[in-house]
Amino acid sequence: MEVPFKFGKLAENDNFVDRVEDRRKLKQLLSSGINVMLVSPRRWGKSSLVLMATRELMTEDKRVRVCYIDAMGIHTEAEFYRVFAREVISCTSSVLEKRLDYVRRFLRNIKPGITLSSNSSEAMTFDLKFDIDDVDEYEILNLPQKIASEKGLKIIVCIDEFQQLAQIPQYKSFEGKMRSAWQSQQNVSYCLYGSKRHMMLDIFNNSTNPFYRFGQIFFLKKIPVNEWMPFIMNKFKITGKKISKENSSKICETVRCLSWYVQQYCYFVWSNTSREVTSDILDLALSQMIEMNTPMYENDTENLTSAQFAMLKAVANGEYKLNSASVVKKYDLGNAQTITRNKKILQEMDFFEKVEGVEKYEFCDPVFEIWFREKYMK
Ligand SMILES: Nc1ncnc2c1ncn2[C@@H]1O[C@H](COP(=O)(O)OP(=O)(O)OP(=O)(O)O)[C@@H](O)[C@H]1O
Ligand SMILES: [Mg+2]
């Protein structure tokens, strides 16, 4: 029987909890030509949402074309141009002849490369070859607009993990070029998203940076319990198993509705259940999930200093005034400078964050928190 809960892949179709309001908002912005910068912590569902929303836009309007670029694997400006041009051309023309024709017409000095492949679903894969010194960057950055206006299309360029581009050497000048080319494009909208919130906000929300006010910043929210519950209960039901309302809501609460963990926890609960979910199964599944994620947590904490560990313990105990003499002494947090620096670093690394409106810090990752408490605070 196929497991009805999926994690590690983008959620799509009947694995996707509706996010009605988010989809509507994202679709509306992008189809009105407004650029969107979508920000949320890791694994809340940005990439899945963008995929579903843009797919819908394509079915609703035949003139819409969407290309998806993952900035994660891009390490140089030249590589970005190559991937950008290749994806824009590929999404606007499905057949090889047309792609070659587009390269000839729109990109001087650039040669298409064709690879015959034996293991991909396409017999021939299309790519581009050029020397960065021979190309005009603006010609590439303006490519979507040129194709869109000539062909009567609306193009949406989606760039995932956009903040990774900031790691490229010479990013400052590269950033300026992107902004000045993209800003004036009438038939193209950009959806730029990423999970490193501090970096994303620095790129888009800092008035001294070129991308300031490039479009609408959209903070993705979590999927609420009342949307998860029917999804979870139905998945159990259609596979001949049963879960109560209480237990499905308990799953959501344990992982604080974090999309990836809801799916992962459900996966283990479902796998351990032959007929009906019990509280013992919930406990067992939780320990299996923690075990599965342990290597990742160990990796994340491997390079923390002892003062940083101490600060995590203080936060786990609900301390807020991390500079106060009693807290510093109780946990051995180090001198004032160290404390300020660690507070900044640990928040930038998404270990914890300030809860809005109250004097409280909270761990960003609820399952990491359970693991941390069990391992270091017993
Ligand atoms: N709308 C949804 N309905 C059901 N499950 C979802 C939904 N969105 C995300 N998920 C679950 O969360 C996981 C992570 O989703 P996704 O990769 O879209 O998040 P992300 O924010 O892009 O993550 P990352 O920061 O790692 O890139 C998916 O594999 C899926 O299990
Ligand atoms: Mg993603």
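Reader: At roughly what angle do the axes of helix 12 and helix 16 cross?
Author: Angles from 65 to 115 degrees count as roughly perpendicular, those under 35 as roughly parallel, those over 145 as roughly antiparallel, and the rest as oblique. The axes of helix 12 and helix 16 (residues 366-376) cross at roughly 90° and come within 10 Å, and the two helices are therefore roughly perpendicular to each other. Axes here are lines fitted to C-alpha atoms, for helices over the stretch in contact, and angles between N-to-C directions run from 0 to 180 degrees; helices (H or I, at least four residues) and strands (E, at least two) are DSSP runs numbered from the N terminus.
This is a predicted model, in which local features need pLDDT of at least 70 and side-chain atom pairs count only at pLDDT 80 or more, while totals for chains, interfaces and linings use all residues. Residues are numbered from 1 along each chain as its sequence is written, and chains are lettered from A and ligands numbered from 1 in the order in which they are written.

Reader: Which residues in helix 12 and helix 16 meet?
Author: Contact means C-beta atoms, placed from the backbone, within 7 Å. From helix 12, Met289, Ile290, Asn293, Thr294 and Tyr297 meet Val367, Phe368, Ile370 and Trp371 of helix 16. By class, this contact has seven nonpolar, two polar and no charged residues (Ala, Val, Leu, Ile, Met, Phe, Trp, Tyr, Cys and Pro are nonpolar, Asp, Glu, Lys and Arg charged, and the others, Gly among them, polar).

Reader: Into which domains is the protein divided?
Author: Domain bounds come from an automatic or database domain assignment, and they give domain 1 (18-219), domain 2 (225-293) and domain 3 (303-376). The C-alpha centres of domain 2 and domain 3 are separated by 30 Å, and their contact takes seven residues from domain 2 and four residues from domain 3. Helix 12 (residues 279-301) supplies three residues, the largest share of the side of domain 2 that touches domain 3.

Reader: In what order do the five strands of the open sheet stand?
Author: Strands of a sheet pair through backbone hydrogen bonds, either parallel or antiparallel. Here the order is 2-5-6-1-7 and the pairing is parallel, where pairing requires that DSSP find at least two bridges between two strands. Strand 2 (64-70) and strand 7 (216-219) each have a single partner strand, so one side of each is left without a neighbour in the sheet. Strand 2 pairs with strand 5 (residues 154-160) over seven bridges, and Ile69 has Ile159 as its bridge partner in strand 5.

Definitions and conventions. Contact = placed C-beta atoms within 7 Å.
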